[in-house]
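Let's take a walk through this model together, from the whole chain down to single side chains.

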Amino acid sequence: RLRSKVDNFAIYAALFLSVSISVLFDAPDAIVGCSTEDWWCDARKRVFFCVLALSVISHLLCIFLAMSFTNALNEAARDSDVIRMFARGQGYLVTVKCQFAFLGGVFLNFVDMCILIHIYVGWEVMVTIMFAVAGAGKIFWDSTSLLFASGSILRYWRPSTKGQPDEDDPYDLSVPLEYLNMKAQDGRDLASNQHNLKVPRGMASKEIPTAQPDHSGQPLSAHKIMQQTGEYHYHRHQGDHHLQHAMLKEAGLF
């Protein structure tokens, strides 16, 4: 879900970036036609291009952060790597930086839009924009605050981050932690060491014999061992003892 979050910000940032770059290379005549003798017009032109350049940088930062987050997540081979990426690598903080980079770029684009509107119309339209922004901001804040306060892990469920969970819904991570430990133990039991294979959780506790090299003298790969032992335990559960014996002999485990 966090990958989808940063991908959405990157897509919309690319749309704003395309507009910003087009304006940067083909600026309106009302901006570039200012004379250096007119200090007010010259100052407005400098502010316009400075803000436009900052918006481009902000949108590029959003896109690069999203790309880095997605690439790092794709290269995480195990669940433990993903957990370490968010704990030690501060993966969630990267998504927040991506969000604020996008919002910052949008704000800067809005400032440039206001500068152009002021040039074309004048100061009176700025009053209308101020009331429109205030109304839209209130609607946005009230709506999003209610959404996050009702289901966000930070703003609803976790009291240490000013969340206010319901009385019958305490912040308790013991259940997911227990299942995570069970999943990790299953992984260790199945393929942690090809010389110490154990029966998966839920089966009998008897260990199967130590793995031996195949007919070519090469040790069995972890994938081959997991595949063979998984099929062995399936047929063991089904009671097919003859097929068990053949599979163990073929794998060098008997």
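**From the whole chain to single residues**

In the protein chain, residues 24 or more positions apart account for 56% of the contacts with a separation of 6 or more, where contact means heavy atoms within 4.5 Å. Before going on, please keep in mind that this is a predicted model, in which local features need pLDDT of at least 70 and side-chain atom pairs count only at pLDDT 80 or more, while totals for chains, interfaces and linings use all residues. Residues are numbered from 1 along each chain as its sequence is written, and side-chain values use heavy atoms, with hydrogens and water left out.

The protein chain has 10 helices and 0 strands, and from the N terminus on its elements run α-α-α-α-α-α-α-α-α-α. Helices (H or I, at least four residues) and strands (E, at least two) are DSSP runs, numbered from the N terminus. Of the 254 residues, 28% count as buried; that word means under 20% relative accessible area, with exposed over 50% and partly exposed in between (1.4 Å probe, protein chains only). The chain exposes about 17,500 Å², and 63% of this is supplied by carbon and sulfur atoms. Accessible areas come from the Shrake-Rupley method with a 1.4 Å probe, and for residues only the protein chains shown count as cover.

Now zoom in on His 59, in helix 3 (residues 39-74). Why does His 59 count as buried? Because its relative accessible area is 0%. Beyond its neighbours within four places in sequence, His 59 is in contact with Ala 13, Phe 16, Leu 17, Phe 102, Gly 105, Val 106 and Asn 109.

Follow one of those partners, Phe 16, into helix 1 (residues 2-25). Phe 16 counts as partly exposed because its relative accessibility is 31%. Together with Tyr 12 and Leu 15, Phe 16 forms a nonpolar surface patch with about 300 Å² of accessible area.

Next comes helix 5 (residues 91-120), whose 30 residues reach 44 Å from first C-alpha to last, close to the 44 Å expected at 1.5 Å a residue. That expected span is 1.5 Å times one less than the number of residues. Just after helix 5, Gly 122 takes a positive phi of about 125°.

Methods:
Patch = residues over 30% accessible without salt bridge, like charges linked within 9 Å, V, L, I, M, F, W, Y side chains within 5 Å. Salt bridge = Lys/Arg side-chain N within 4 Å of Asp/Glu carboxyl O.
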